[in-house]
Amino acid sequence: MGRMHGIAKGYIHLDLVTRRPDWSDEAEKVRRIALPPSEKEITLGYQALLHYISELPIAEDAYGLIHADFHYGNFFVHEDSLCLIDFDASRYSWFVDDIAVAAFFSGLTEGAGALPDQFLIPFLEGYRLEHHLEEKWLREIPYFMKLREMGRYIKLFHACGGAFDKLHPWGQWYMKGRKEKILQSDLPL
């Protein structure tokens with residue numbers, strides 16, 4: 001990921017027809033999903049988080065084309081090579097957004113109690129070998145992780161109309177107690 005960000009840093013695809021979207025396009029689609037009044041706290045929290053993230057500065061060393069779905073199911077490792085696949089979610093965003101997605105999914109595969117630092121500490125050691133991000137950007141990772149968690153909650157809630165038993169098994173597992181976990185967040189917004 002660090003190598004990819006180093007290469008993508010400053011890259012802007014000029015053809016508007018084939019250019020990948022900005023991070024806010026997907027976030028805005030999620031924001032427009034209408035949930036019932038019982039989910040008002042989630043909706044308001046997501047809007048506050050979007051506002052916070054939209055105020056972050058866009059800097060060449062910290063913002064560019066990202067994969068946006070970098071997790072265990074989207075790469076293959078062979079000897080000392082890694083092959084990344086599934087670029088359909090790629091977009092322009094902060095590089096910490098990509099890191100947060102990887103950390104978010106890492107926590108889901110290790111179990112509900114997994115701590116992000118168990119993944120992030122060794123991950124960032126490798127990342128820093130290829131790309132440097134100022135420490136201030138790394139402090140934004142929890143906000144991007146929360147954005148992914150809330151966005152996934154909103155999409156799944158909408159998909160099943162709140163009847164979680166209609167979701168596939170992973171969706172049922174994800175939604176179990178998720179609202180409470182989201183609302184217990186200690187992120188200042």
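**A tour of charged and aromatic side chains**

Begin by selecting Glu28, which at 26% relative accessibility counts as partly exposed (buried means under 20% relative accessible area, exposed over 50%, and partly exposed in between, with a 1.4 Å probe and protein chains only). The model is predicted, with local features needing pLDDT of at least 70 and side-chain atom pairs pLDDT 80 or more, while totals for chains, interfaces and linings use all residues. Residues are numbered from 1 along each chain as its sequence is written, and side-chain values use heavy atoms, leaving out hydrogens and water.

Next, select Glu135 and Arg128, whose side chains form a salt bridge at 3.7 Å.

For the aromatic rings, a search of the whole structure finds 13 pairs (rings of Phe, Tyr and Trp, the last by its six-membered ring, with centres within 6.5 Å; planes under 30 degrees apart are stacked, over 60 edge-to-face, and the rest tilted). Select Phe157 and Phe164, an edge-to-face pair with 5.8 Å between centres and 75 degrees between planes; Phe157 is buried at 8%, whereas Phe164 is partly exposed at 25%.

Finally, show Phe104, Phe105, Trp170, Trp173 and Tyr174, which ring pairs link into a cluster.

Methods. A salt bridge is a side-chain nitrogen of Lys or Arg within 4 Å of a carboxyl oxygen of Asp or Glu.
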